[in-house]
Amino acid sequence: MLDSFEILKALKSLDLLKNAPAWWWPNALKFEALLGAVLTQNTKFEAVLKSLENLKNARILENDDEINLKKIAYIEFSKLAECVRPSGFYNQKAKRLIVLSKNILKDFQSFENFKQEVTREWLLDQKGIGKESADAILCYACAKEVMVVDKYSYLFLKKLGIEIEDYDELQHFFEKGVRENLNAALALYENTIPLAQLYARFHGKIVEFSKQKLELKL
């Protein structure tokens, strides 16, 4: 049976992320990535980028992650909602971002502590955070060894004749092939990136491949 390492090799040869950021996700490992993971729910990422730009223009989102966390935690609700309006469901998302930020401060005291100590279980306990959002935060904001899967991953694999509808099983498929061939997988990147970043780029390759409607040669 085809495994994810073979898929990774085939995608890697296409150079899909030639001009992408190092972790594919814009401003990865920063508080902004956490905001993006929540804002992208049920919308296109282009809309998320507009919301993030609004936050920057309003000087709510600046260069200091710790200050940004506190700003979102204590911002006026209506002001945040207006900034994230392009992402859709803006009242709901604004409320969830404020509560999430306050809970991070309460349980971890800082964004840096959060990045080091947060667990998937903690994230899933937060209102409005499902598995995909939790894993996006873990991978793209916290550099944890977790691969995000989504509708692109499901449809991509289905076209290859493998249909896995359950989120955890789909994630297991993609992670398993890489972990079982870990040295060879890291060697594809000349051992210059950690596993978490490999997972980030693997997910990015699947998304970009799917958007470009290419054919994969295995």
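Buried here means under 20% relative accessible area, with exposed over 50% and partly exposed in between (1.4 Å probe, protein chains only). The model is predicted, so local features need pLDDT of at least 70 and side-chain atom pairs count only at pLDDT 80 or more, while totals for chains, interfaces and linings use all residues. Residues are numbered from 1 along each chain as its sequence is written, and side-chain values use heavy atoms, leaving out hydrogens and water.

Take helix H4 to begin with. Helices are DSSP runs (H or I, at least four residues), numbered from the N terminus. In H4, residues 65-73, the buried set is Asp 65, Asn 68, Leu 69, Ile 72 and Ala 73. These fall within an arc of 135° seen down the axis of H4, so they line one face of the helix; the arc is taken over directions from the helix axis to the C-beta atoms. That buried set packs against helices H2 (31-39), H5 (77-83), H6 (90-108) and H7 (111-117), where contact means heavy atoms within 4.5 Å.

On to the domains. An automatic or database domain assignment divides the chain into domain 1 (2-17 + 145-210) and domain 2 (29-140). Across the boundary, 11 residues of domain 1 are in contact with 8 residues of domain 2. There are 2 salt bridges between the two domains, a salt bridge being a side-chain nitrogen of Lys or Arg within 4 Å of a carboxyl oxygen of Asp or Glu. Lys 131 and Asp 168 form a salt bridge through their side chains, at 2.7 Å from N to O. Helices H11 (167-180) and H13 (195-212) each supply at least two residues of the side of domain 1 that touches domain 2, and H13 gives the largest share, 4 residues.
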